[in-house]
Amino acid sequence: MKRRLQDVIRERTLLGDGAMGTQLMLSGLEQGNCGEAWNLTHPDRVLAIQRRYVEAGSDCLITNTFGGSRIMLTRHSSADDVVGINAAAVRIAREAFGDRDGYVIGDMGPFGGLMEPYGDFTETQVRDAFNEQAQALVDAGADAIIIETQTGLEELGLGIIAAREAGAACVIGSMAYDVTLDGSTFRTMMGIDPERAAAFMEEQGADIVALNCGTGMDMERARQAVLRYKETTSLPVMAQPNAGLPKLINLKVVYDETPDQMVTGVVPLLDTGVNILGGCCGSSPDHIRAFRQAMDRYQKGKEIS
Ligand SMILES: [Zn+2]
């Protein structure tokens with residue numbers, strides 16, 4: 001049987017992948033259209049993106065299912081395809097690895113709204129949507145599930161429980177932090193700090209605690225978040241920072257940190273003992289290739305010394 005992701009990463013840091021959304025846009029997806037539907041309509045293009053990440057050196061691929069819950073897909077009139085879209089995504093990621101060993105992490109993003117009493121969605125609706133997506137990902141053979149870009153504990157908890165109930169071999173909870181205006185620290189939009197998030201995720205039965213995306217969360221901020229996680233929990237930690245800060249250029253949000261710039265943050269992050277390192281918005285196969293080289297050098301250096 002395949003070794004569980006949370007066990008393997010205690011011995012060796014694994015490399016994740018980079019952004020999917022920006023890569024889909026580069027492949028012709030128009031803003032506002034449903035990238036997840038491409039798992040059925042343009043599987044070759046999704047496969048090509050994930051192959052580039054494997055060629056760059058990714059050990060883990062995150063499925064193209066960020067917006068693959070029933071609530072999100074309903075907005076694109078694709079609610080009938082929830083299971084099909086999620087199952088296809090797992091197959092595509094597996095195919096992208098080819099003969100290589102790799103971990104397929106099923107992606108679950110936010111449901112995209114607010115729950116009662118602040119919003120229109122009942123807890124039951126959200127729970128049902130997460131259960132359905134998690135089950136589809138696990139049934140299709142995902143090695144793990146990541147509940148990512150989370151800002152509040154309530155939704156995060158529903159996602160973690162859904163993944164566990166679906167029988168996921170590994171459950172990852174991942175928070176999106178924003179750097180505060182004065183730049184002194186970071187917390188989620190809902191005011192959750194890394195210590196509180198890590199304690200909560202451990203309590204809910206997550207196997208790995210993570211951070212991704214957020215505002216201003218570059219490699220250095222990710223390093224600080226990993227350290228704060230590590231002080232709070234003994235669970236393994238995953239980090240997927242953005243490629244620098246977003247800038248508005250020609251009405252488009254652009255992340256302009258180059259692979260050369262971003263890679264300078266790899267060794268400091270590895271020094272924290274981070275267990276999986278990848279990239280979020282703006283990161284590309286070129287960023288991941290640079291990470292791979294830096295990680296391999298780091299590993300070699302440790303073996304020699
Ligand atoms: Zn992101």
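This is a predicted model: local features need pLDDT of at least 70, side-chain atom pairs count only at pLDDT 80 or more; totals for chains, interfaces and linings use all residues.
Local features need pLDDT of at least 70 and side-chain atom pairs count only at pLDDT 80 or more, while totals for chains, interfaces and linings use all residues. Residues are numbered from 1 along each chain as its sequence is written, and side-chain values use heavy atoms, with hydrogens and water left out.

Let's start with the metal. The zinc ion has Cys213 (SG), Cys280 (SG) and Cys281 (SG) as its protein donors, 2.2 to 2.3 Å away; donors are N, O and S atoms within 2.8 Å of the metal (3.2 Å for Na, K and Ca), and sites may look incomplete as water is not among the atoms. Their sequence spacing is C-x66-C-C. Cys213 sits in the loop between β8 and α10 and Cys281 in the loop between β12 and α13, so the pair ties together parts 68 residues apart in sequence. Helices (H or I, at least four residues) and strands (E, at least two) are DSSP runs, numbered from the N terminus.

Here's how the two differ in burial (buried is under 20% relative accessible area, exposed over 50%, partly exposed in between; 1.4 Å probe, protein chains only):

| Residue | Relative accessible area | Class |
|---|---|---|
| Cys213 | 14% | buried |
| Cys281 | 25% | partly exposed |

Now the helices. α8 (residues 153–165) and α9 (residues 194–204) pack at about 30°, axes 10 Å apart; axes are lines fitted to C-alpha atoms over the stretch in contact, and angles run from 0 to 180 degrees between N-to-C directions. Contact (heavy atoms within 4.5 Å) involves residues including Leu156 and Ile160 of α8 and Phe200 and Met201 of α9.

Met201 turns up again in the largest nonpolar core, of 75 residues, as one of those touching the most other members. Such a core is a set of buried Ala, Val, Leu, Ile, Met, Phe, Trp, Tyr and Cys residues joined through side-chain atoms within 4.5 Å.
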